[in-house]
Amino acid sequence: MGNDISLRAAGIEDCRDLFKWRNRPEIRKYFFDSEEVDYDSHEKWFREKIKNPGTKIYIAVKGDRKIGVIRFEFLNNDTVTVSVNLNSEYFYRGLGKKIIIVGTNKFMSESAGKYRVLARIKKENTHSIGAFSNAGYRLNSETENIVEYVFRKDFPVQR
């Protein structure tokens with residue numbers, strides 16, 4: 001599973017695509033900061049993130065098409081947060097799960113599996129909850145509005 005998806009490091013040439021994907025109203029409602037972002041602010045944020053050694057951003061590619069993005073950010077010495085966003089042309093095809101599997105495997109391989117990976121998700125975002133749970137992440141905690149899923153190297157790796 002996911003063999004038809006490859007990942008590459010994000011570069012400045014991806015900035016406008018991520019901006020468009022991020023600002024879609026149907027996606028923004030699931031973000032913790034759901035306000036629309038102007039391009040200059042997004043570009044500044046993106047340039048800082050791709051230079052930051054504590055952040056790994058990968059573009060998911062299928063053939064010659066960008067289908068999504070997965071980002072890992074170091075939270076502390078043993079924990080990393082993960083987020084994923086899809087190009088709307090690829091919604092409802094099961095690709096979120098595939099990107100999570102391929103991205104998590106790549107990140108764990110590159111980091112020698114020494115981190116816990118956390119996904120914090122609004123409860124109303126049932127598509128992301130399903131994608132992370134089907135990709136091998138396990139429920140870690142739950143509040144009234146947020147669920148947190150965790151992945152560790154000792155979990156069975158999905159393929």
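Predicted model: local features only at pLDDT ≥ 70, side-chain atom pairs only at ≥ 80, totals over all residues.
**Entry 1: the largest pocket**

I looked up the largest pocket and found about 1400 Å³ of space in it. I then asked which residues lie nearest its centre. They are Ile 27, Phe 31, Ser 83, Val 84 and Asn 85, out of 44 residues in the lining. Several elements give two or more residues to this lining, among them the helices α1 (15-22) and α3 (39-51) and the strands β3 (65-74) and β4 (79-86). I sorted the lining by class and noted 22 nonpolar, 12 polar and 10 charged residues.

**Entry 2: Arg 24**

I found Arg 24 in the loop between α1 and α2. Is Arg 24 buried or exposed? Its relative accessibility is 9%, and buried means under 20%, so Arg 24 counts as buried. I followed its side chain to the backbone oxygen of Leu 86, which it reaches at 2.9 Å. Leaving aside neighbours within four places in sequence, I listed the contacts of Arg 24 as Asn 85, Leu 86, Asn 87, Ser 88 and Phe 91.

**Entry 3: strand β2**

I checked strand β2 (residues 55-62) for burial. The rest of the structure largely encloses β2, because 6 of its 8 residues are buried. I next looked up its pairing. With β1 (residues 6-9), β2 pairs in the antiparallel sense over 4 bridges, and Ser 6 has Val 61 of β2 as its bridge partner. β2 and β3 also run antiparallel, joined by 8 bridges; here Thr 55 is partnered by Glu 73 of β3. I noted that β2 and β3 form a hairpin with 2 residues between them. In that turn, Gly 63 has a positive phi of about 65 degrees.

Methods. Residues numbered from 1 in each chain as written. Heavy atoms only, no water. 1 Å grid on protein atoms, 1.4 Å probe; cavity = no way out; pocket = protein on both sides within 12 Å on 5 of 7 lines; lining within 4 Å. Points joined across faces, edges and corners; volume = space filled by probe spheres on them. Nonpolar A, V, L, I, M, F, W, Y, C, P; charged D, E, K, R; others polar. Buried < 20%, exposed > 50% of the residue type's maximum accessible area, 1.4 Å probe, protein only. Polar contact = N/O pair within 3.5 Å; in protein donor to acceptor, adjacent residues only side chain to side chain. Contact = heavy atoms within 4.5 Å. Pairing = 2+ DSSP bridges.
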